[in-house]
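Entries follow in the order I looked things up.

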Amino acid sequence: MFREMRRKNQLLPAEESISILEKASSGVLSLLGDEGYPYGVPLSYVYLEGRLLFHGATVGHKIDALRRCEKASFCVIDRDEVKPELRSTWYRSVIAFGKVSLLEGEEKRRALEAIGAKYSPQDPEGCRKEIEESFDHTAIICLEIEHLSGKAAKALV
Ligand SMILES: Cc1cc2nc3c(=O)[nH]c(=O)nc-3n(C[C@H](O)[C@H](O)[C@H](O)COP(=O)(O)OP(=O)(O)OC[C@H]3O[C@@H](n4cnc5c(N)ncnc54)[C@H](O)[C@@H]3O)c2cc1C
């Protein structure tokens with residue numbers, strides 16, 4: 001049911017799209033927000049075995065939105081280099097589609113550990129302490145990727 005890219009020559013190989021997800025530090029999670037208005041919210045995340053994991057408060061707009069509709073997408077911009085003389089932008093980006101859910105228990109703990117390892121690899125002890133302190137009032141959103149596409153400007157393929 002997911003669409004194919006019209007400009008197939010600009011499609012990135014799957015492994016390159018995954019490596020963008022592994023490397024980037026933020027993207028925009030799009031959910032069905034209030035009254036049908038799409039809600040695109042910037043978030044840090046971790047890519048782990050076909051899933052995107054996000055952490056945040058247990059209440060708020062994005063939590064209300066995902067409880068309303070599990071379908072979501074997540075977009076990461078890897079490169080955005082404006083080339084005025086070419087009237088163009090050299091870009092690379094990925095979009096993942098999938099369903100979101102809230103993780104609990106051991107899965108939630110493993111996700112928090114993975115987020116700590118990505119963003120504060122120099123301080124495992126600090127991460128461990130923060131996970132203990134914040135565990136009960138932190139939510140982990142998991143986006144199970146069903147479809148992933150990556151696209152690059154023509155000049156980069
Ligand atoms: C690079 C980056 C990384 C981030 N990483 C994380 C993360 O890992 N975890 C996390 O919880 N948050 C992160 N944030 C903050 C995140 O964007 C949200 O502000 C936060 O998650 C609260 O979302 P909410 O839906 O609960 O907010 P709510 O306060 O419930 O949202 C209410 C309204 O506030 C406005 N709003 C909320 N967030 C933003 C925003 N970022 N910019 C402009 N308007 C906004 C919108 O109008 C929204 O409808 C990050 C932000 C940036 C820019």
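**Entry 1: helix 1**

I started with helix 1 (residues 14-23) and listed its buried residues, which are Ser17, Ile20 and Leu21. They span an arc of only 100 degrees around the axis, so they sit on the same side of helix 1.

Turned away from the buried side, helix 1 carries the exposed residues Glu15, Glu22 and Lys23. What lies over the buried residues of helix 1? I found that the cover includes strand 3 (46-48), strand 5 (71-83), strand 6 (88-103) and strand 7.

A reminder to myself: this is a predicted model.

**Entry 2: the overall layout**

I stepped back to the whole protein. I noted four helices and seven strands. Along the sequence they come in the pattern α-β-β-β-β-α-β-β-α-α-β. The C-alpha atoms fill a box of roughly 50 × 40 × 25 Å along the principal axes.

How many of the 157 residues count as buried? I got 22%. I also looked at contacts with a separation of 6 or more, and 69% of them join residues 24 or more positions apart.

**Entry 3: the core**

Next I went for the largest nonpolar core, which has 25 residues. Which residues have the most contacts inside it? I wrote down Leu52, Leu53, Ala72 and Leu143. Strand 7 (residues 139-152) gives the most to this core, with four residues.

Leaving aside neighbours within four places in sequence, Leu53 is in contact with Tyr45, Val46, Leu48, Ala111, Ala114, Ile115, Ile140 and Cys142.

**Entry 4: how the strands pair**

Strand 1 (residues 27-32) pairs with strand 2 in the antiparallel sense over six bridges. In that pair, Leu32 stands opposite Pro38 of strand 2.

Which way do strand 1 and strand 5 run, parallel or antiparallel? I have them as antiparallel, joined by three bridges. Val28 has Cys75 in strand 5 as its bridge partner.

I carried on from Cys75, whose bridge partner in strand 6 is Ile95. Strand 5 and strand 6 are antiparallel as well, with twelve bridges between them. I kept the general rule in mind here: in a regular strand the side chains alternate between the two faces of the sheet.

**Entry 5**

Glu35 has one, about 55 degrees, although it is not a glycine. Where is Glu35? It lies in the loop between strand 1 and strand 2, a hairpin with five residues between the strands. Glu35 is exposed, because I count 5 other C-beta atoms within 10 Å and the cut-off for exposed is 12 or fewer.

Arg87 turned up too, with a positive phi of about 50 degrees, and it is not a glycine either. I found Arg87 in the loop between strand 5 and strand 6, where the hairpin has four residues between the strands. Is Arg87 buried or exposed? It counts as exposed, with 7 C-beta neighbours inside 10 Å.

**Entry 6: Tyr91**

I looked up Tyr91, which is in strand 6. Tyr91 has 17 C-beta neighbours inside 10 Å, so it counts as partly exposed. Buried would take 20 or more.

What does Tyr91 touch, leaving aside its neighbours within four places in sequence? I noted contacts with Ile77, Arg79, Asp80, Ala152 and Ala153. I also checked Leu156, which is 65 residues from Tyr91 along the chain, and their C-alpha atoms are separated by 7.8 Å.

**Entry 7: around the ligand**

Last, I turned to the ligand. Around it I listed Ser26, Val41, Pro42, Leu43, Ser44, Phe54, His55, Gly56, Ala57, Gly60, His61 and Lys62. Which elements give two or more residues to this shell? I have strand 2 (38-43), strand 4 (51-56) and helix 2 (61-68). By type, the shell residues divide into five nonpolar, six polar and one charged.

Methods. Residues numbered from 1 in each chain as written. Predicted model: local features only at pLDDT ≥ 70, side-chain atom pairs only at ≥ 80, totals over all residues. Near = placed C-beta within 6 Å. Nonpolar A, V, L, I, M, F, W, Y, C, P; charged D, E, K, R; others polar. Contact = placed C-beta atoms within 7 Å. Core = buried A, V, L, I, M, F, W, Y, C linked by C-beta atoms within 7 Å. Arc of directions from axis to C-beta. Pairing = 2+ DSSP bridges.
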